[in-house]
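Let's take a friendly walk through a protein model together. Keep the sequence and the 3D view open, and look for each residue as it comes up.

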Amino acid sequence: MHSIQALFYQLGLKSDEEQISAFIEKHKPLPAHIILHEAYFWNDAQVAFLIEAIEEDSDWCEFVDQLDCLLRES
């Protein structure tokens, strides 16, 4: 089973709750016209992972969507 913490780990980011919250606070709100994987703060490997997760409707898709929603909250 995946989780938002596992997604952060998969993306090479710190995955404890405090660090996840800090990341989200630092980068939100993501403007509506920016697709999640186009945000300036991802590296190439992270972009590729995010695109693949959505395009292939992988097990990660739900958590990528959850991250997208969290980053859009104001």
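## Aromatic pairs

Six aromatic pairs are found in this predicted model. Two rings of Phe, Tyr or Trp (for Trp, its six-membered ring) count as a pair if their centres lie within 6.5 Å; planes under 30 degrees apart are called stacked, over 60 edge-to-face, and the rest tilted. Phenylalanine 23 and tryptophan 42 are a tilted pair, because their ring centres are 5.6 Å apart and their planes meet at 35°. Phenylalanine 23 sits in helix 2 (residues 17-27) and tryptophan 42 in the loop between helix 2 and helix 3 (44-55), so this pair ties together parts that are 19 residues apart in sequence. Helices here are DSSP runs (H or I) of at least four residues, and strands are runs (E) of at least two, all numbered from the N terminus.

Are these two residues buried or exposed? Phenylalanine 23 is buried, with a relative accessible area of 12%, and tryptophan 42 is buried as well, with 8%. The word buried means under 20% relative accessible area, exposed means over 50%, and partly exposed is in between (1.4 Å probe, protein chains only).

Phenylalanine 49 and tryptophan 60 form an edge-to-face pair, 5.7 Å centre to centre with 70° between the planes. This pair links distant parts of the chain, 11 residues apart: phenylalanine 49 is in helix 3, and tryptophan 60 is in the loop between helix 3 and helix 4 (61-72). Both phenylalanine 49 and tryptophan 60 are buried. Elsewhere, one aromatic cluster is formed by Phe8, Phe23, Tyr40, Phe41 and Trp42.

Which residues of helix 2 are buried? They are Ile20, Phe23, Ile24 and His27. These residues cover an arc of only 95° around the axis, so they lie on the same side of helix 2. The arc is taken from the directions that run from the helix axis to the C-beta atoms. On the other side of helix 2, Glu18, Glu25 and Lys26 are exposed.

The buried residues of helix 2 pack against helix 1 (4-10) and helix 4.

Now find histidine 27, which is in helix 2. Histidine 27 is buried, with a relative accessible area of 10%. Its side chain makes a polar contact with the side chain of tyrosine 40, at 3.3 Å. A polar contact is a pair of N or O atoms within 3.5 Å; within protein, one must be able to donate a hydrogen and the other to accept it, and residues adjacent in sequence count only if both atoms are side-chain atoms. Leaving aside neighbours within four places in sequence, histidine 27 is in contact (heavy atoms within 4.5 Å) with Tyr40, Phe41 and Leu71.

## The nonpolar core

A nonpolar core is a set of buried Ala, Val, Leu, Ile, Met, Phe, Trp, Tyr and Cys residues joined through side-chain atoms within 4.5 Å. The largest one has 20 residues, of which Leu7, Trp42, Leu67 and Leu71 touch the most other members. Helix 1, helix 2, helix 3 and helix 4 are the elements that give two or more residues to this core. Helix 4 provides the largest share, four residues.

Beyond its neighbours within four places in sequence, tryptophan 42 has contacts that include Leu11, Leu13, Phe23, Leu67 and Leu71.

## A buried glutamine

Glutamine 46 is part of helix 3. At 7% relative accessibility, glutamine 46 counts as buried. What lies beside a polar atom of its side chain? The backbone oxygen of leucine 11 is 2.7 Å from such an atom, and the backbone nitrogen of asparagine 43 is 2.8 Å from one.

## Backbone details

Most residues other than glycine have a negative phi, and most peptide bonds are trans. Here, the peptide bond from lysine 28 to proline 29 is cis, with omega near -5°. Aspartate 57 has a positive phi, near 50°, and its place is in the loop between helix 3 and helix 4.

## How to read the numbers

Residues are numbered from 1 along each chain as its sequence is written, and side-chain values use heavy atoms, leaving out hydrogens and water. Because the model is predicted, local features need pLDDT of at least 70 and side-chain atom pairs count only at pLDDT 80 or more, while totals for chains, interfaces and linings use all residues.
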